[in-house]
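Dear colleague,

I am handing over the structure we spoke about, and below it I have set out what was found on going through it. Please read the notes with the structure open beside them.

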Amino acid sequence: MRICMIGTGYVGLVTGACLAEMGNDVWCVDVDEAKIEGLRQGRIPIYEPGLETIVTRNAEQGRLRFTTDLAEALAESLFVFIAVGTPPDGAGAADLRFVFDVARQIGSAMESYKIVVAKSTVPVGTTVKIKETIAEALAGRGRSDLEFDVAFCPEFLKEGSAVDDFMKPDRIVIGTENNRTAELLKELFSFFTFREERMFAMSIASAELTKYAANAMLATRISFMNELARFCERVGADVTEVRRGMGSDGRIGSAFLYAGVGYGGSCFPKDVKALVHSGREAATPFSILEAVEAVNDGQRGWFFEKILRHYGGKLGGKDFALWGLSFKPNTDDVREAPALDLICRLLEAGASVRAYDPVAEENARRTLASCPAVEGALAEGRLRFGPDNYEVLQGADALVLLTEWPLFRKPDWERIRSLLAEPVLFDGRNQYDPARMKAAGFVYHAVGRA
Ligand SMILES: NC(=O)c1ccc[n+]([C@@H]2O[C@H](COP(=O)([O-])OP(=O)(O)OC[C@H]3O[C@@H](n4cnc5c(N)ncnc54)[C@H](O)[C@@H]3O)[C@@H](O)[C@H]2O)c1
């Protein structure tokens, strides 16, 4: 089948490459000329396990092409996917500017029947507005005779395992206005699952809300565990033991029950915000989600306070080695990453930071530029990035773990002790065993483990 993917970011590039891998002809379109030029030359703009292999193979075999020319890509395609960003606006709502820009461009350029599928996460009602926007653009050029259908198919891939998630989805949600479009989309996605019961055809509004509901539920579990962790510390319990005990209940399950430094990334924070905003607008507020957001916002400060308390409220002159910058392992995405927030707080408090991340340093440097303390800290040599996870430890007052990369799971504790000035560890991801850390001579601070 012939497909046009508009927006070649984390979702668009993975989706486009996976659809090409299944034998479809895919055009990936983006307004970012440097990104498209790089992709044409074989440079993959993001770190995602397994992505480079399938992009390279399909580009070489001519099934995956890259362009900034939407009209060129549109002309050949039946399915047109919209996978542009929907970041939060100032009020917390989803900013739909990019989505409607694309809808106008589709209406201005299409010359034959299309199925326009929104994949960007958008509030209920947006896909219908996409349809109206395309129809207006068609009318504006006197081509209201051209037919098209719209659909909403939310994307559930997870950064860090995006290719696998797309190739072997738990479920595929297809929101359409008519059966014909639903059947065509089922056929397209049948490449990825033979199991009919994993495909859920539903109304567009339900499909739009399903995506937000799923992310909001996962975020709720995380905030619940973080609040429970704070309580555990007060009453002498261990949140990891409580998690094992409660997660073994088949009705609860163990996923997303990990206390830590709060959720980050490009989806949970903005999607919870957007749903809270939509709830208020509809006069049916999501009081649970408002609390979820507040707990998450507070969690980073809570962890920072833990560090501050250890040093009697004074961090000036302290030197921290920090492991992990991305918002989670196996990705270079640092959007809303707790590590960057903590670096900013430490620098503002007068401390120094030497950070290491296997792949996210470049993105972190760029994003950290918006922290007011960074420019001065860089000039004073109070912020630097190391070439590996041991180099940054040399003479540091403590190690802070913020992203649970596999590389950090079983480090050489003797070597770490010999490199640090003081054997102090702040574990923001509850990666290590408190008893073992104590036996290894460390002062160990974790999350919710009294
Ligand atoms: N990243 C994830 O893990 C994930 C998972 C599920 C759903 N989503 C949703 O998918 C959408 C995209 O997310 P992302 O992380 O891939 O974003 P992204 O920022 O990585 O990529 C968006 C891309 O769209 C391009 N773009 C913007 N305007 C354009 C236009 N007019 N024409 C062509 N390209 C244009 C940008 O240049 C950018 O390359 C969002 O709505 C997000 O909520 C993301």
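**The first sheet**

In strand 7, Thr 176 is the bridge partner of Ala 151. Please keep in mind throughout that this is a predicted model. Strand 6 and strand 7 (residues 172-176) run antiparallel and are joined by two bridges. On strand 5, Val 117 has Ala 151 of strand 6 as its bridge partner, and the chain gets from strand 5 to strand 6 by way of helix 6 (residues 126-140), in a β-α-β crossover that is right-handed. Strand 5 (residues 114-118) and strand 6 (residues 148-152) are paired in the parallel sense, with five bridges between them.

These strands belong to an open sheet of eight strands, whose order is 3-2-1-4-5-6-7-8 and whose pairing is mixed. Its edges are formed by strand 3 (64-67) and strand 8 (199-202), each of which pairs on one side only. On average, and with direction ignored, neighbouring strands of this sheet are turned by 25° against each other. Strand 4 (residues 79-82) runs parallel to strand 5 and is joined to it by four bridges, with Ile 82 standing opposite Ala 118 of strand 5. Helix 1 (residues 10-21) packs on this sheet, where it touches strand 1 (2-6), strand 2 (25-29), strand 3 and strand 4, and its direction makes about 165° with that of strand 2.

Six strands form another open sheet, in the order 11-10-9-12-13-14, and here the pairing is parallel. Strand 11 and strand 14 (443-445) stand at its edges with a single partner strand each, so one side of each has no neighbour in the sheet. From one strand to the next, the twist averages 20°.

Strand 10 (residues 352-356) is largely enclosed by the rest of the structure, because four of its five residues are buried. Strand 9 (residues 319-323) runs parallel to strand 10 and is joined to it by five bridges, and Phe 320 stands opposite Val 353 of strand 10.

**Helix 12**

How far apart are the end C-alpha atoms of helix 12 (residues 287-310)? At 1.5 Å a residue its 24 residues should span 34 Å, and the end C-alpha atoms are 34 Å apart, which agrees. Just after helix 12, Gly 312 takes a positive phi of about 65°.

Helix 9 holds Met 217, which is partly exposed, because 13 other C-beta atoms lie within 10 Å. The C-alpha atoms of Met 217 and Asp 238 are separated by 23 Å, the two residues being 21 residues apart along the chain.

**Two loop residues to look at**

Most residues other than glycine have a negative phi. Phe 256, in the loop between helix 10 (239-247) and helix 11, has a positive phi near 55°. Asn 430, in the loop between strand 13 and helix 17 (434-439), likewise has a positive phi, of about 50°, although it is not a glycine.

Is each of these two residues buried or partly exposed? Phe 256 is partly exposed, with 15 other C-beta atoms within 10 Å, whereas Asn 430 is buried, with 21 other C-beta atoms within 10 Å.

With best wishes

Technical notes: Residues numbered from 1 in each chain as written. Predicted model: local features only at pLDDT ≥ 70, side-chain atom pairs only at ≥ 80, totals over all residues. Pairing = 2+ DSSP bridges. Right-handed = clockwise from strand over helix to strand, strands pointing away. Expected span 1.5 Å × (residues − 1). Buried ≥ 20, exposed ≤ 12 C-beta atoms within 10 Å, placed from the backbone. Axes fitted to C-alpha atoms, helices over the stretch in contact; angles between N-to-C directions. Contact = placed C-beta atoms within 7 Å.
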